[in-house]
Amino acid sequence: MTSYVENETKKEFPFAVQDLLEKIADTVLEMEQCPYEVCINLLLTDNEGIRTYNREYREIDRATDVLSFPNIAYEKEGDFSVVEQMEADCFDPDSGELILGDIIISVDKVEEQAKEYGHSELREFAFLTAHSLFHLCGYDHMEEDEAAVMEQKQEAVLKKLGITRE
């Protein structure tokens with residue numbers, strides 16, 4: 001796996017962001033039985049930065065906690081077989097890795113929501129990362145049944161990694 005993390009803020013977390021990203025990604029991809037090595041990009045920004053991305057890409061003019069930009073047009077969530085038909089668009093020509101997509105997280109929202117929900121920034125960051133990675137695997141939560149599936153999967157990942165609400 002190759003992961004790239006860019007932090008355009010001055011916020012530093014009391015945990016290694018890239019290591020956590022990779023642990024969560026490994027767990028999600030194992031759960032989803034992804035047969036490929038992958039590449040993931042993570043951008044850490046603030047509320048104003050994520051608001052700009054949200055406005056530009058989703059036409060929603062407000063800050064949010066996390067945005068996910070999958071590189072794969074899934075026919076069915078977690079079904080990676082579709083990438084074989086789009087090899088030139090889905091794989092890095094140099095490394096051969098599947099380009100899974102991009103994640104943008106607001107560090108301001110991580111802080112705010114950790115306080116609001118009464119748990120650590122580690123737990124909130126891990127939750128948002130797992131949530132986004134399932135989006136990168138084709139999952140959504142627009143319908144109640146879809147949301148229930150995502151919630152169960154996110155909690156399973158965090159439980160497996162021992163990242164619980166404190």
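Predicted model: local features only at pLDDT ≥ 70, side-chain atom pairs only at ≥ 80, totals over all residues.

Colleague: Thank you. Which residues of helix α4 are buried?

Modeller: In α4, which spans residues 107-117, the buried residues are Val107, Lys109, Val110, Gln113 and Ala114. Viewed down the axis of α4, these buried residues fall within an arc of 150 degrees, so they line one face of the helix.

Colleague: And which residues are exposed on the other side of α4?

Modeller: Lys115 and Glu116 are exposed there.

Colleague: What follows α4?

Modeller: Glycine 118 follows α4, and the phi of this glycine is positive, near 70 degrees.

Colleague: Changing topic: at roughly what angle do the axes of α1 and α6 cross?

Modeller: The axes of α1 (residues 17-31) and α6 (residues 144-160) cross at roughly 125 degrees and come within 10 Å. Angles of 65 to 115 degrees count as roughly perpendicular and those over 145 as roughly antiparallel; α1 and α6 are therefore oblique to each other.

Colleague: Is that crossing left-handed or right-handed?

Modeller: The crossing of α1 and α6 is right-handed.

Colleague: Which residues make the contact?

Modeller: From α1, they are Ile24, Thr27, Val28, Glu30 and Met31; from α6, Lys153, Ala156, Val157 and Lys160.

Colleague: How many residues of each class does this contact of α1 with α6 have?

Modeller: It has five nonpolar residues, one polar and three charged.

How values were computed:
Residues numbered from 1 in each chain as written. Heavy atoms only, no water. Buried < 20%, exposed > 50% of the residue type's maximum accessible area, 1.4 Å probe, protein only. Helix = DSSP H or I, 4+ residues; strand = E, 2+ residues; numbered from the N terminus. Arc of directions from axis to C-beta. Axes fitted to C-alpha atoms, helices over the stretch in contact; angles between N-to-C directions. Parallel < 35°, antiparallel > 145°, perpendicular 65-115°, else oblique. Left-handed = near helix turned anticlockwise from the far one by under 90°. Contact = heavy atoms within 4.5 Å. Nonpolar A, V, L, I, M, F, W, Y, C, P; charged D, E, K, R; others polar.
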